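Hi everyone, thanks for making time for this. Please take a look at the sequence and the model on the screen, and then I'll walk you through them.

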Amino acid sequence: DNPKQSSQIPVFIRILDINDHAPEFANYYETFVCENAKAGQLIQTVSAIDKDQPPRGHKFFFELVPEFAAHPNFSVVDNKGN
């Protein structure tokens, strides 16, 4: 709750689409990370949806773009559950 001890970092997500409707996040996500977060600690889980048919047939994959894949302070783990 102290503005002098907080900062904001935008995270940009590129969505690649191969059909009519682009995938979307299932919810609006606003994530906060405390200074005492431990290495490897789960910070946020995101999921995606796609309005194209079939509704249950879509598979989404989450990964960091190659230019940021080796960033030591941030990682993405794909749980293969959309």
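Accessible areas here come from the Shrake-Rupley method with a 1.4 Å probe, and for residues only the protein chains shown count as cover.

A word on where this comes from. This is a predicted model, in which local features need pLDDT of at least 70 and side-chain atom pairs count only at pLDDT 80 or more, while totals for chains, interfaces and linings use all residues. Residues are numbered from 1 along each chain as its sequence is written, and side-chain values use heavy atoms, with hydrogens and water left out.

Now the overall picture. The protein chain has 0 helices and 2 strands; these are DSSP runs numbered from the N terminus, where helices are H or I with at least four residues and strands are E with at least two. Of its 82 residues, 9% count as buried. Buried means under 20% relative accessible area, exposed means over 50%, and partly exposed is in between, using a 1.4 Å probe and protein chains only. As for contacts, meaning heavy atoms within 4.5 Å, take those between residues at least 6 apart in sequence: 32% of them join residues at least 24 apart.

Next, please find Phe25. Which strand holds Phe25? Phe25 sits in strand β1, residues 24-25, and counts as partly exposed because its relative accessibility is 31%. The structure holds 1 aromatic pair. Phe25 and Tyr29 make an edge-to-face pair, because their ring centres are 5.5 Å apart and their planes meet at 85°. For that term, rings of Phe, Tyr and Trp (its six-membered ring) pair if their centres lie within 6.5 Å; planes under 30 degrees apart count as stacked, over 60 as edge-to-face and the rest as tilted. Tyr29 is partly exposed too, at 21% relative accessible area.

Phe25 also belongs to a nonpolar surface patch with Val11, Ile13, Val46, Phe74 and Val76, and together these residues have about 490 Å² of accessible area. Patches are made of residues with over 30% relative accessible area and no salt bridge; like charges are joined within 9 Å, and nonpolar side chains (Val, Leu, Ile, Met, Phe, Trp, Tyr) within 5 Å. A salt bridge is a side-chain nitrogen of Lys or Arg within 4 Å of a carboxyl oxygen of Asp or Glu.

Arg14 lies in the segment before β1 and is exposed at 56% relative accessible area. Arg14 and Leu64 are 50 residues apart in sequence, with 9.5 Å between their C-alpha atoms.

Leu42 is in the loop between β1 and β2, exposed at 65%.

Finally, Asn79 is in the segment after β2 (48-49) and is exposed, at 57%. From C-alpha to C-alpha, Asn79 and Thr45 are 9.4 Å apart, and 34 residues apart in sequence.
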